[in-house]
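The structure comes first, and the description follows.

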Amino acid sequence: MKIAVEGCCHGELDKIYETIQFLEKKENTKVDLLLCCGDFQAVRNEGDMKCMAVPQKYRQMQTFYKYYSGEKQAPVLTIFIGGNHEASNYLQELPYGGWVAPNIYYLGYAGVVKYRGVRIGGMSGIFKSHDYRKGHFEHPPYTNDTMRSAYHVRNIEVFKLKQLQEPMDVFLSHDWPRGIYHYGNKNQLLKKKKFLTQEVESNTLGSPAASELLHHLQPSYWFSAHLHVKFAAFLQHPNKEEGKLPKATKFLSLDKCLPQREFLQIVEIEHDPSKPERLEYDLEWLSVLKATKTLLNATPRTWNMPENNGLHSRWDYSATEQSKQEVFKDLGNDLNIPYNFRVTIPSYNPNHPQHHRVASHVVNPQTTEFCAHFGLIDLNAKVCLHDVGGELDALEDNDVDSGGSVEDPSEYSTDTSILSSSINPDEITLEEDDEEDLPVQSVEPSPEYTPDLSVSFSSIRDLPDSMALSSDEAMDSTNDEMERSESSQTEGEGKNPERPLKRLSDENGQGGNVRIKRRNQNIYTAKDEDE
């Protein structure tokens, strides 16, 4: 099965799908599935756009609304996670995942599904220690703070994912697992992104929560984005079971969708041909969701997850065969995820724009049906009540073993996200919204731009190998890069490969250096300012 993996989408669905169709025609092949690693920007109308944590000058409608309204149909099944530049009010409608448009599926705050026998998991958002142990309490109208905390990873999602025991084929995260850069060509990474040097040397780049999941889940593939650079790594895990070969993870991070940037990669993964060509529920994941429903927190108060420390009556919420069979029975022995997408608010109309439209906050019928089916709690419906003192506190009282205080330290002792002066260059600061005078040279396309592949890529020698399916070369150039990384280091060592990873296209573009006042502005510049 051929899977297209895309880095940061930034709402450029037309360009991404047209690139895939170009490759299919060029190589006479078929892409079965598209995975997007965050910053998807599922913006339905002007109100949604106001919920994106980006400066005003970068709020553009892009092309998702066409797929939401039915004007266009996604030509390939698409699965995505959220990043740190999203229409959070829409994604908040689907905390357990669901269809944001026909043939486009969101994995939720965290989620696991199967497609043709391939198990795909993911976690939305980015890590920030000061919000990690809070509940999902945010709701429109957002403040400057809650607009950003809405996309910060919470400990409940990590806890649920850590209950999984069955093998994981593919996992998606927006930010990188902390330390993954030690298992690839670190020198080449820092040559491309010099501003990351301090965090890499201090081992503070990336998410400690994602790193914990990487070592627990040990998926065959882990795909990320966020830093707008292509980077491959190979991690050999310690052997947990005697008599069995140790597992290994092939890591790949990709760029954002722009010409001459390595934003798309084709990966070939073994699948079960007997399985249907549609999304299926994962029994183990659904069992964990049911088991952990009493641990949900919908308030800004900090909340500790149960652990085996003598303070909790229960700390193991992993699925049993009995619980999985109960879920299977709940599904009527049918694992297929229903195609139950529904339009919940009006779509953007370019002929009649409504710039004063306010952000919506509605309950999505997909989530209502899902929760009713499995006896779960719709957090979005709870915060919709705007009754933090009443209804929402009841969720906390469901499990007296879990609790905490604002003064409790972060459970990640190595986390320096509050202190680091170079933390998360892609995070947009609160005061940045008013800085309209920064000399940023942006080459982002306008919302009305219709991609012309012959123009976008004709000036390149050819489409980069990272986006090609050539029969004369390795079909999976990701594996080639990862294998080069693997062959240059021994198990458990974070050495750089002796030879640098092959650069497959020029990401520098044309023009000189760009002077930017704040480093985090570079997520919106198409040219690298590192040189």
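## Cavities

There are nine cavities of 30 Å³ or more. Here a cavity is a set of points, on a 1 Å grid over the protein atoms alone, where a 1.4 Å probe fits but cannot get out. Grid points are joined across faces, edges and corners, and a volume is the space filled by probe spheres set on the points.

The largest cavity holds about 200 Å³ of space. It is lined by 20 residues, and the closest to its centre are Leu91, Tyr106, Tyr109, Ala150 and Tyr151; a lining residue has an atom within 4 Å of a point. The lining of the largest cavity divides into eight nonpolar, eight polar and four charged residues. In this scheme Ala, Val, Leu, Ile, Met, Phe, Trp, Tyr, Cys and Pro count as nonpolar, Asp, Glu, Lys and Arg as charged, and the others, Gly among them, as polar.

## Basis of the model

The model is predicted: local features need pLDDT of at least 70, side-chain atom pairs count only at pLDDT 80 or more, and totals for chains, interfaces and linings use all residues. Residues are numbered from 1 along each chain as its sequence is written, and side-chain values use heavy atoms, with hydrogens and water left out.

## Aromatic rings

The count of aromatic pairs is 22. Rings of Phe, Tyr and Trp (its six-membered ring) pair if their centres lie within 6.5 Å; planes under 30 degrees apart are stacked, over 60 edge-to-face, and the rest tilted. Phe40 and Phe64 make an edge-to-face pair, because their ring centres are 6.0 Å apart and their planes stand at 75°. Phe40 is in the loop between β2 (33–36) and α2 (46–49) and Phe64 is in helix α3 (residues 64–69), so this pair ties together parts 24 residues apart in sequence. Helices (H or I, at least four residues) and strands (E, at least two) are DSSP runs, numbered from the N terminus. Phe40 and Phe64 are both buried, which means under 20% relative accessible area, whereas exposed is over 50% and partly exposed in between (1.4 Å probe, protein chains only).

Tyr68 and Phe341 are also edge-to-face, because their centres are 5.8 Å apart and their planes are at 80°. Tyr68 belongs to helix α3 and Phe341 to the loop between α11 (321–330) and α12 (365–374), so the pair ties together parts 273 residues apart in sequence. Tyr68 is buried, at 1% relative accessibility. One aromatic cluster is formed by Phe40, Phe64, Tyr68, Phe80, Tyr90, Tyr106 and Phe341.

## Charges over rings

Arg44 lies over the face of Tyr90, 3.7 Å from the ring centre. The charged end of Arg314 is over the ring of Tyr317, at 4.1 Å from its centre. The rule asks for NZ of Lys or CZ of Arg within 6 Å of the ring centre and within 35 degrees of the ring normal.

## Cysteines

How many disulfides (pairs of cysteine sulfur atoms within 2.5 Å) are there? The count is zero. For Cys8, the nearest cysteine sulfur is that of Cys37, 8.2 Å away, and Cys8 is buried with a relative accessible area of 0%. For Cys9, the nearest is that of Cys36, 5.0 Å away; Cys9 is buried, also at 0%.

## Two buried residues

Val153 is in the loop between α5 (144–149) and α6 (155–161) and is buried at 3% relative accessibility. Its C-alpha atom is separated by 5.5 Å from that of Ile126, 27 residues apart along the chain.

Glu284, in helix α10 (residues 283–291), is buried at 3% relative accessibility. Glu284 and Ser318 are 34 residues apart in sequence, with 8.2 Å from C-alpha to C-alpha.

Definitions and conventions
On a 1 Å grid over the protein atoms alone, a cavity is a set of points where a 1.4 Å probe fits but cannot get out, and a pocket is an open set with protein on both sides within 12 Å along at least five of seven lines; lining residues have an atom within 4 Å of a point. A disulfide is a pair of cysteine sulfur atoms within 2.5 Å.
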